[in-house]
Amino acid sequence: MRFVRALTTCALPVSRRGVISSTHFPRTCSFLKPYIAKALHCTISVTIMATEDSLRKSLSQKQSNIDLQGNAVRQLKSSGASKPEIEAAVKALNDLKLEKASIESQLQAALSGSGSSSGNRDAFRQAVVNTLERRLFFIPSFKIYRGVAGLYDYGPPGCSVKSNVLAFWRQHFVLEENMLEVDCPCVTPEVVLKASGHVEKFTDLMVKDEKTGTCYRADHLLKDYCKEKLEKDFSLSAEKAAELKHVLAVLDDLSSEQLGAKIKEYGITAPDTKNPLSDPYPFNLMFQTSIGPSGVSPGYMRPETAQGIFVNFKDLYYYNGNKLPFAAAQIGQAFRNEISPRQGLLRVREFTLAEIEHFVDPQDKSHPKFSDVAKLEFLMFPRDEQVSGQSAKKLQLGEAVSRGTVNNETLGYFIGRVYLFLTQLGIDKDRLRFRQHLANEMAHYAADCWDAEIESSYGWIECVGIADRSAYDLRAHSEKSSVALVAQEKFSEPREVEKLVITPIKKELGLAFKGNQRMVTEALEAMEEKVAMEMKADLESKGEVEFHVCTLGKNVTIKKSMVSISKEIKKEHQRVFTPSVIEPSFGIGRIIYCLYEHSFYTRPSKAGDEQQNVFRFPPLVAPIKCTVFPLVQNQQYEEVAKLISKSLTAAGISHKIDITGTSIGKRYARTDELGVPFAITVDSTSSVTVRERDSKDQVRVDVDKVASVVREVTDGLSSWADVLKMYPLHSSGTAEE
Ligand code: AMP
């Protein structure tokens with residue numbers, strides 16, 4: 001979902017940017033200490049907040065006691081008090097300082113317990129990113145020319161992971177819901193993005209270093225300031241800490257003026273030079289181009305794939321037999337000229353989006369398969385809880401919808417399906433939450449929006465936006481293209497309906513507005529029922545009314561003689577309406593990066609002298625499902641390995657043979673680091689050992705059965721536990737050595 005802030009009726013929406021919120025979920029170190037941090041239940045979060053609060057209070061109390069005691073010592077000295085008296089006072093002062101130091105270290109511990117310890121997070125991230133780069137999961141683009149910020153290549157294992165994620169996405173969404181998949185161009189003519197509002201409002205707020213002109217994202221600077229203060233400034237009072245946390249919680253809700261005011265209030269300067277900063281101003285994130293050689297046909301690289309679906313609505317609706325609901329889907333590249341991309345793979349300038357536009361009758365947003373997901377329970381973060389400083393809580397999806405926390409069943413259905421998609425990929429369910437947009441974060445036309453946020457070493461990252469965008473997009477394109485993007489409901493019996501009839505009196509309007517008559521007429525005709533009825537009442541009581549015409553960008557005075565507004569009973573055989581759209585929008589690169597972090601761990605080598613890296617990818621996403629190793633370099637074993645490779649290929653299992661003479665332990669370590677879940681070691685000509693990556697358990701399987709066993713587990717038809725029950729354990733451990 002792209003647009004945020006609440007605006008007046010006909011104003012265009014403004015940009016809605018990816019959220020990296022800073023409220024960290026509490027974590028405890030798991031067996032991978034200190035690297036892999038696991039989220040705890042939210043009650044612990046409350047306890048940690050309470051501890052942090054009371055520690056900050058005792059710290060400031062201690063500091064005032066130290067100040068008082070310091071004064072007392074000075075007074076004793078200046079009044080010539082006795083030596084023992086002064087010594088006793090100095091000792092009391094030193095004791096107080098020791099107590100303060102002890103509280104400081106408790107606070108430090110509480111902060112790292114709540115996931116705020118940046119040291120651990122940075123070290124963990126560095127270990128993951130080093131492994132990813134070394135094993136070519138990704139490569140900074142144009143590296144030999146020193147790269148370009150925000151552009152990355154996927155190397156061979158990265159490409160495999162991505163294509164596995166996309167294949168699962170197609171299976172989980174497109175196939176399951178019979179969605180209509182389309183593939184539209186990245187280069188988009190200006191008119192399309194003018195209609196959608198992107199040309200005018202797809203912006204982020206930017207500030208400039210007033211001396212060097214270096215640009216920064218305004219909200220990022222404010223966020224960094226608050227986080228750093230909270231993590232490192234122990235003299236911060238509990239009240240100030242609460243204020244900074246509140247700023248972080250409502251960051252996405254702040255207007256340009258509010259952001260600018262906070263930056264001034266906190267004295268935030270340019271991070272690199274400490275120079276003063278300009279006021280925030282909007283920067284459009286689209287890459288502009290021109291279509292064709294003449295330069296007269298402006299275009300943009302699309303910032304999202306959704307518009308391609310909206311402009312095809314009419315044909316897709318027809319293809320679907322003129323029936324609602326239906327969904328269309330698209331996977332493709334999106335381009336955003338991010339102001340200062342930091343956060344590695346998370347904020348890039350070109351990325352893959354997978355988007356769904358589910359078109360539904362606005363009068364019936366129920367979903368026939370909602371009961372399939374209604375019992376799911378996971379972390380949800382409704383807007384009231386965010387504003388009041390609480391943390392995300394486990395809610396049952398069915399209850400969240402029936403209580404109205406989630407606006408409707410279809411939106412709820414997609415939230416549930418997104419939860420299943422992400423957790424089946426291997427995202428840790430305790431580090432995944434669904435956060436509702438704050439009131440101002442959401443566009444005025446949107447009915448409700450939730451982001452699937454995943455916790456990573458960078459904090460909580462928006463990875464999927466799930467929004468009920470009402471009829472905004474189709475209406476906008478209908479208006480601009482003059483092609484009706486509507487659906488019909490045919491009635492079995494004609495129905496009498498009360499209809500709003502707005503009749504602009506063209507002669508009067510022409511006299512009053514001359515060249516602007518068409519714009520005023522169109523604005524009058526486009527009035528929604530509530531606005532029209534209010535105008536009617538005002539015209540009757542006052543004779544004239546001020547009316548904002550957004551295409552003119554100003555108010556005009558409408559007199560009673562210029563328009564007739566009434567409600568009439570009419571017989572209708574069908575209802576024609578603009579469908580609402582529910583849009584789940586997946587940032588594939590972000591999901592994959594979070595998956596890397598959630599899957600990464602280290603374990604000591606067999607000799608215990610080094611740490612080995614492992615990605616515990618589920619077979620579904622693993623870049624290679626299986627490796628085949630002849631135990632020693634010998635022709636017989638190599639023949640068997642080739643035979644197994646052939647049967648794995650026939651079974652559709654991606655695999656790799658390693659016939660290097662390297663020790664088997666080293667070969668295992670190499671493939672563990674790529675996240676390969678199974679390894680087949682050829683150590684005889686009749687049977688082989690199959691080793692599972694995480695448990696390192698090995699079983700013996702006959703050569704002619706091994707491909708089908710591996711296929712069963714990689715396809716999820718059986719689990720490794722089932723395999724352990726069916727095949728004898730290989731306990732000698734020779735292969736591992
Ligand atoms: P939005 O339309 O802004 O809600 O974005 C849709 C999805 O695209 C988000 O949920 C993110 O996962 C992803 N996304 C947005 N901006 C970026 C970016 N600069 N780099 C990578 N992914 C992004």
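## Aromatic pairs

A search through the whole structure turns up 28 aromatic pairs; here rings of Phe, Tyr and Trp (its six-membered ring) pair if their centres lie within 6.5 Å, with planes under 30 degrees apart called stacked, over 60 edge-to-face and the rest tilted. One of them joins Phe-137 and Phe-615, a tilted pair at 5.4 Å centre to centre with 55° between the planes. Phe-137 sits in the loop between helix 3 (118-134) and strand 4, and Phe-615 in strand 26, so this pair ties together parts 478 residues apart in sequence. Helices (H or I, at least four residues) and strands (E, at least two) are DSSP runs, numbered from the N terminus.

Tyr-596 pairs with Phe-615 too, again tilted, at 5.9 Å centre to centre and 55° between the planes. Since Tyr-596 is in helix 19 (residues 588-599) and Phe-615 in strand 26, that pair ties together parts 19 residues apart in sequence. Tyr-596 is buried at 1% relative accessibility, and Phe-615 is buried at 0%. Buried means under 20% relative accessible area, exposed over 50%, and partly exposed in between (1.4 Å probe, protein chains only). Ring pairs link Phe-124, Phe-137, Tyr-596, Phe-600, Phe-615 and Phe-617 into a cluster.

## About the model

This is a predicted model, where local features need pLDDT of at least 70 and side-chain atom pairs count only at pLDDT 80 or more, while totals for chains, interfaces and linings use all residues. Residues are numbered from 1 along each chain as its sequence is written, and side-chain values use heavy atoms, leaving out hydrogens and water.

## Nonpolar cores

The largest nonpolar core has 71 residues, and those with the most contacts inside it are Trp-169, Phe-421, Leu-422, Phe-434, Phe-586 and Tyr-596. Such a core is a set of buried Ala, Val, Leu, Ile, Met, Phe, Trp, Tyr and Cys residues joined through side-chain atoms within 4.5 Å. Helix 14 (residues 409-425) gives the most to this core: 10 residues. Apart from it lies another core of 24 residues, including Tyr-637 and Trp-720.

Met-533 belongs to helix 18 (residues 529-542) and is partly exposed, with a relative accessible area of 27%. Leaving aside neighbours within four places in sequence, Met-533 is in contact (heavy atoms within 4.5 Å) with Leu-500, Ile-565 and Lys-567. The C-alpha atoms of Met-533 and Lys-567 are separated by 9.3 Å, although these residues are 34 apart along the chain.

In helix 21 (residues 664-672), the buried residues include Ile-664, Tyr-668 and Asp-672. The buried residues of this helix pack against several strands, among them strand 25 (600-604) and strand 31 (698-702).
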